[in-house]
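Please look through the structure shown below, with attention to backbone geometry, accessibility and surface charge. The report that follows takes up these topics in turn.

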Amino acid sequence: MSMRINPSFGPINRQCSALRYLAALLLLVQPFALRSQVYELDLLDLLQPDLAAEIRCMYQDQSGFLWLGTDRGLWRFDGEQTLALPCTEDPAPALSALFRHRDTLFAGSPSGKLYALPPEGTLQLLPSGEGYPAKAITAICADTQGRLWVGTAGEGLYVRQGNRWYQTAQRDGLPSDQINALVADADGGVWAGTDRGMVHVRQQGSNRQLRPMPRGGDNPDAIVTALLALDDNQFMVGFFSGGMAHFHARDTQSTPFSDPSQWPYGQISKLVYSAGLLWVGTADQGLLEADLNAKTVHPVQLSSREPVPRIQQLVALREGRVLSINQQGQLYSFDPRRQAAFERGSFYGETQAVLEDSQGRVWFSTLDGLFCFTPNQGSEAEKVVLTGMPNDAVIISMFQDSEDFIWFGTFDFGAFRLAPGQSKAQRIAAGEGDQDGSVLTIQEWNGAIWMGTLGGAYAWQAGTDRAVYFDLGIGPNFIYCLYPDPQGGLWFGADGAGAYHLTQEHVKESNSNQNIKKSTQGRATETWLKKLNAANPKLPSVLAGTTVYQVLRDRRGRLWFHTRERGLLAEPEIAAQGQSSPSPEPVTHYGLPEAVMAIALDDEGVVVMLHERSAHWMPNPWYPSRPVDLQELRDRPRPMSNAISLGRNRIWFGSNKGPYCLQGNHADLLASPIVTLNQATAAGKVFKAGSKVSSGRRLVEFFFTAPWIGANDAVLYEYALIGAQEEGWRISQDDRAFFSNLHPGSYVFKLRARLKDAPQAGPEIAFPFSIPRPIYARPWFLVLCLLALIGGLGLWIRWRERRLRRMEEGERDKIRTQYELLRNQVNPHFLFNSFNTLSGLIEEDPVRAQTYVERLSGFFRNVLTHRKEDCISLEEELGILDDYLSIQRARYEDNLVVTIDVPAALRNMALPPMTLQILVENALKHNVISKNHPMHLSIRQGAQGGLEVANSRKARHTPAEGTGIGLENLSRKLQLLGARPLIIQALPERFSVEVPLISNPSLSSSYAGTHT
């Protein structure tokens, strides 16, 4: 049964001495074997099983895709599946170098050819215009001016300016035509590693400038095999046999990383930087880990127990993992950020406290005692027995002060300090106050060592014999943390009382008020604390009523609070406003999927959060970096600040089975995957951003990818369609989204991705598109229709008005015609002539007289019958005319010769009633009819398709009486009926009128007929 501090359980039962004695009996006396630099190595099989391809080079672009150059073409890995890229050549060429510049991926081949892969395109041979190198392409890069540089294995350097290539070879001053590595600098040129040293090349048009790195002296080797840019001026240089050197470009000075003659690891093939460490791939001894600050190099031990592979290629992924290719073309992966300090299956007990001291040694305590080891040296974790400390003391906190004394806070036995190089610990006794003796945390501030205990806060300064109790004003309470604020003051984190801030101003004010007279250093310290307690300073409090485990201030000046009730809190940026302490109001709660176990600061002042299953680097409170997965470690970190220790570019934390280490500063790593929208389709048809999708294609699909090498199954996609009825964010693991039955309108498809254990998503993509309304629903069409309707209505009204006018005029003409007909019916001359003729016939030929009366009667009957009709058929009109001609023949006898030749096709046509009677009557009225001048009258089809009425012409000496409007009325009526005008031809010997015929007799009652 173990005894440990758990801040979430409130006060601890102090009656536990028997348990402590029981724990003392369980102490182990033998040393514990402890391996250092242990990493999990995974073999990745990314290519298809049936494809025996060998990976020769690899490159990760800004979107997270991993490009693989093989002896069988180019492949792309998105974290889940590998896709072979199409190529214009068959078979696909072998590739030896990859580089992505802007939107194009360039690939070099062992045959010297350079290929380009444009976005959404096919791998194709890049036109050179001047031929290709005959040697293999070994390296590709781009300078700050966007020019492409290509290194070859025997033909030196090529640079592309515009569409032209320029070569720089040994004949131009290049040390060697064998280019092994290329890296661009900030001045528009490149550094090239050759078989005869390094050289800087800068191209300006056809002119070039070469500046070789001096050989000899500090340069351990002439053959440069690897280059890595640390910044614009500093580079790491790897050599064939002389190890590596730190190179400064401006002064061309290099510093060997170690003694070149003592370099045991052989040729350096690749250099990459990840997790704050330099990773070195060698062709003989596998993988090395180098600390740039300590200038140390150590072989990496792999927990897989497989033979250490010989490294040909290394890539530091933006997710934090490192990939390597061995000489057999196999791909390995490991996470350099997570390091176990022990063998798999080892058990050291629950870590109560951990500390890395100034000499690089790591101390950690368990219920079994105190242990110490030195990382990176393969040393064992030895159990440390300190004299002067009870054997059953359980160390629950550790601290190293400014004089390199190591302090140990124990459970129930108070605090002890250990001088450098000593094995006897000095116990620091408690002074006045209710000290519990259980020291939870230790810190140094204002020249004193401060201790937080289960009974309050105490302070001790060198030269005094005991610690002095400091009254916070809340009575005896658990003090879980003490934090010296870089901006001044000391923070206290208390149980259920929030956080308190003791500032230097409080100390000065208390000393001034009490007029302290310092006699000796020790007595002055004790008196100062007593006077400060007596002054009862009003300490600013934050988060009252909350249990505060830890307080930290990051590099941006923000305060962070690790609490029990509210999780992790971070205040806004107030440093620029000159505020020395925050109020509870601006503190922002930061929600996370797991419980926060502890927080710490790395070497760069970035907050690191430890959770039950992961660790997060926090460049700012609202956007964490890539989490480090801790699930595979099978253990939970301790929820106390004393179980965390900052070291050289690493953070140690305690767990249930021993100490662990997180390496490097991960603030610059990706926090979440970068999503790429591969394609958008509408009803199967691809469309681009800003496009207008046909309203008939309302099924829209989006296909996307968010590569995350090593954990692609942990990627979650979040997407939303702004403008749709449901605009909320949707979360899915599927790499596609579809929307159906979209209404016309403007839309924006928003997409982002995150990891399951990450609280926030990565960069967001916005893809706008629109679905236009159909033509019949567009405003301009509706306005046009409205205008057309208004215009049509106006035309209809005008047409109706004209029609009404025509009808009125027709009615008037009809009345006038009827009037004329009535006048003709009662024309005295017509009646007088008719009666005279009838009288003569009665005396001469009664039978003919009878017939004449019948004809006269029929004629007047037809006049009365058809006088109200607009049109009658030509057949009916000829019948009326026959009666009329019979009457006139009785008068004129053989002097009137009438010829009627009308085709049957015309007899169904229509014309106004009494038309022929009017024309014949006109002919009879205005011409002489006698035996000497007989009248020849003909009725037949006219030249224009109408009915022609023609008569011979012999004008009377005395004009006949009449209104003279007969032909005019007839022409007007035909016009109202929609027929063409009369065709009148007056010759000296002949007079003719062609009457148009109406084709549809059924329209005889309207004025909308058509004519022939």
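Pro91 sits in the loop between strand S6 (82–84) and strand S7 (97–101), where strands are DSSP runs of E with at least two residues, numbered from the N terminus. The peptide bond that leads from Asp90 to Pro91 is cis, with omega near 5 degrees. This is a predicted model, in which local features need pLDDT of at least 70 and side-chain atom pairs count only at pLDDT 80 or more, while totals for chains, interfaces and linings use all residues. Residues are numbered from 1 along each chain as its sequence is written, and side-chain values use heavy atoms, with hydrogens and water left out.

Asp71 lies in the loop between strand S4 (66–70) and strand S5 (73–77). The C-alpha atoms of Asp71 and Leu95 are 6.0 Å apart, although 24 residues separate the two along the chain.

Two residues other than glycine have a positive phi. For Leu543, phi is about 60 degrees, and this residue is found in the loop between strand S47 (541–542) and strand S48 (548–553). For Asn741, phi is near 55 degrees, and the residue belongs to the loop between S64 and strand S65 (745–755).

The table gives relative accessible areas for several residues; buried means under 20%, exposed over 50%, and partly exposed in between, with a 1.4 Å probe and protein chains only.

| Residue | Relative accessible area | Class |
|---|---|---|
| Asp71 | 24% | partly exposed |
| Cys372 | 11% | buried |
| Cys481 | 3% | buried |
| Leu543 | 3% | buried |
| Asp734 | 48% | partly exposed |
| Asn741 | 55% | exposed |

How many disulfides are there by the distance rule? The count is zero, a disulfide being a pair of cysteine sulfur atoms within 2.5 Å.

On the surface, Glu80, Asp713, Asp734 and Asp735 gather in a patch of negative charge. Patches are made of residues with over 30% relative accessible area and no salt bridge, like charges being joined within 9 Å and nonpolar side chains (Val, Leu, Ile, Met, Phe, Trp, Tyr) within 5 Å. A salt bridge, in turn, is a side-chain nitrogen of Lys or Arg within 4 Å of a carboxyl oxygen of Asp or Glu. Asp734, one of the patch members, is located in the loop between strand S63 (730–732) and strand S64 (736–739).

Technical notes:
Accessible areas come from the Shrake-Rupley method with a 1.4 Å probe; for residues, only the protein chains shown count as cover. Lys and Arg count as positive and Asp and Glu as negative; His and the chain ends are not counted. The place of a charge is taken as NZ of Lys, CZ of Arg, CG of Asp or CD of Glu. Helices (H or I, at least four residues) and strands (E, at least two) are DSSP runs, numbered from the N terminus.
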